[in-house]
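Hi there,

Here is the structure I promised to pass on to you. Have a look at it first, and then read on for what I found.

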Amino acid sequence: MAATLKDATAIVGIGQTAFARHLPQSEKELACRAILAALADAGIDPGEVDAFSSYTMEETDEVEVAKAIGAGDVTFFSKIGYGGGGSCATVGHLAAAVATGQATVGVAWRSRKRGSGPRPWKNTAVQLPTPGQWTRPFGLLRPADEIGMLARRYMHEYGATRDHLFNVAMACRNRANENPAAMMYERPLTREMYMTSRMISDPLCLFDNCLETDGALACVIVSAERARDCRNKPVYVHSAAQGLPSQHHGMVNYWNDDPLSGPAWTAARHLWKQADFGPQDVHVAQIYDAFTPLIPLSLEGYGFCGRGEGAAFTEGGALELGGRLPINTGGGGLSEAYVHGFNLINEGVKQLRGVSTAQVPDATTCLVTAGEGVPTSAILLRS
């Protein structure tokens, strides 16, 4: 029988800094604070850390982080590309390293000053990647422009409306209103506010776009055996997957035969193949939400509904607490913080520990996804 990662490792510690539009600390200091908080949460000394995983877009590297926190000899380290598409892969890489004996204590992290720092697309001195050479000179300068095009195509093909996108924004804002750590805590959203807000890239308005955030988060992964002796209830990594479809071109995927069939579909096939349960058994989901259209696209890709049914799935409070599939229970990237999706990982752990600010009763399974539209990743967690 082929070896799998199924329940071989667990997340035993989570940590985060404050989230704000501007924080005075450097990205390195924020990273170290989040990592040390996660280790303290797990009850593990920093000197035991021997593995790291983060994003290629992460400005703080494992050399500096390891020195600053006092890690021991490091025997595994990795970085995953494609921005938010790499979030869950950081956990997957560490789970594989620990499960195969390459390491014993892994730390995944993301630190970002996106609120007070520059916007990535403003750097015009950098050579455009090949897909960008065919889009950015013609006005698709930002991720919002690229997803806006996909959203308009989705609306045309399947009859989705802005009301469906509002359902997503509202569900995330409602959960943030219950989360004191969220940037949008105590800042309610109404349909009138949504419908009258300024357009960022038609059909995406202000509230269809994620926040701009300074902050950092981290989590700690160890073997299932060791997890039983850690400070908090272990949350097991049941399945992990990455996805890069054949002939994919990133968010500018418009010349593919099927531009709406994104990396989620590829990741999902592998994710569910390795799992003991399916979409119908997921109690709560943390779905990457840099933009509201990514939710219906991901609902379809990960098998919660049929092709073209993602928008209708959001109706009737389906994404709210008590609905068919509560999502992004800390507020997500739209209303808690946008740190390339890492807050979704930590929120998944909180749900399965039973300590979320918007707790789903008796939740024992959680899907966490990374960015749809780019090469992506996902994990299934269980308690």
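Thr365 has Arg382 in β11 as its bridge partner. Strands β10 (residues 365-369) and β11 (residues 376-382) run antiparallel to each other and are paired over five bridges. Please keep in mind that this is a predicted model.

Helix α13 (residues 342-353) packs on the sheet and touches β10 and β11, along with β1 (9-16), β2, β4, β7 (214-223), β8 (235-243) and β9. The direction of α13 makes about 115° with that of β1.

As for the sheet itself, it is open and has nine strands, in the order β3-β2-β4-β7-β1-β8-β11-β10-β9, with mixed pairing. The edges are taken by β3 (76-80) and β9 (284-286); each has a single partner strand, so one side of each has no neighbour in the sheet. From one strand to the next, the twist averages 25°.

Another helix, α2 (residues 62-69), lies across β2 (51-55), β3 and β4 (106-113), and runs at about 130° to β2.

The crossing of α1 past α2 is right-handed. On the α1 side the contact is made by Lys28, Cys32, Ile35, Leu36 and Leu39, and on the α2 side by Glu64, Val65, Ala68 and Ile69. Seven of these contact residues are nonpolar, two are charged and none is polar.

Best wishes

Methods: Residues are numbered from 1 along each chain as its sequence is written. This is a predicted model: local features need pLDDT of at least 70, side-chain atom pairs count only at pLDDT 80 or more; totals for chains, interfaces and linings use all residues. Side-chain values use heavy atoms; hydrogens and water are left out. Two strands pair if DSSP finds at least two bridges between them. Helices (H or I, at least four residues) and strands (E, at least two) are DSSP runs, numbered from the N terminus. Axes are lines fitted to C-alpha atoms, for helices over the stretch in contact, and angles run from 0 to 180 degrees between N-to-C directions. Contact means heavy atoms within 4.5 Å. A crossing is left-handed if the near helix is turned anticlockwise from the far one by less than a right angle, and right-handed if clockwise. Ala, Val, Leu, Ile, Met, Phe, Trp, Tyr, Cys and Pro count as nonpolar, Asp, Glu, Lys and Arg as charged, and the others, Gly among them, as polar.
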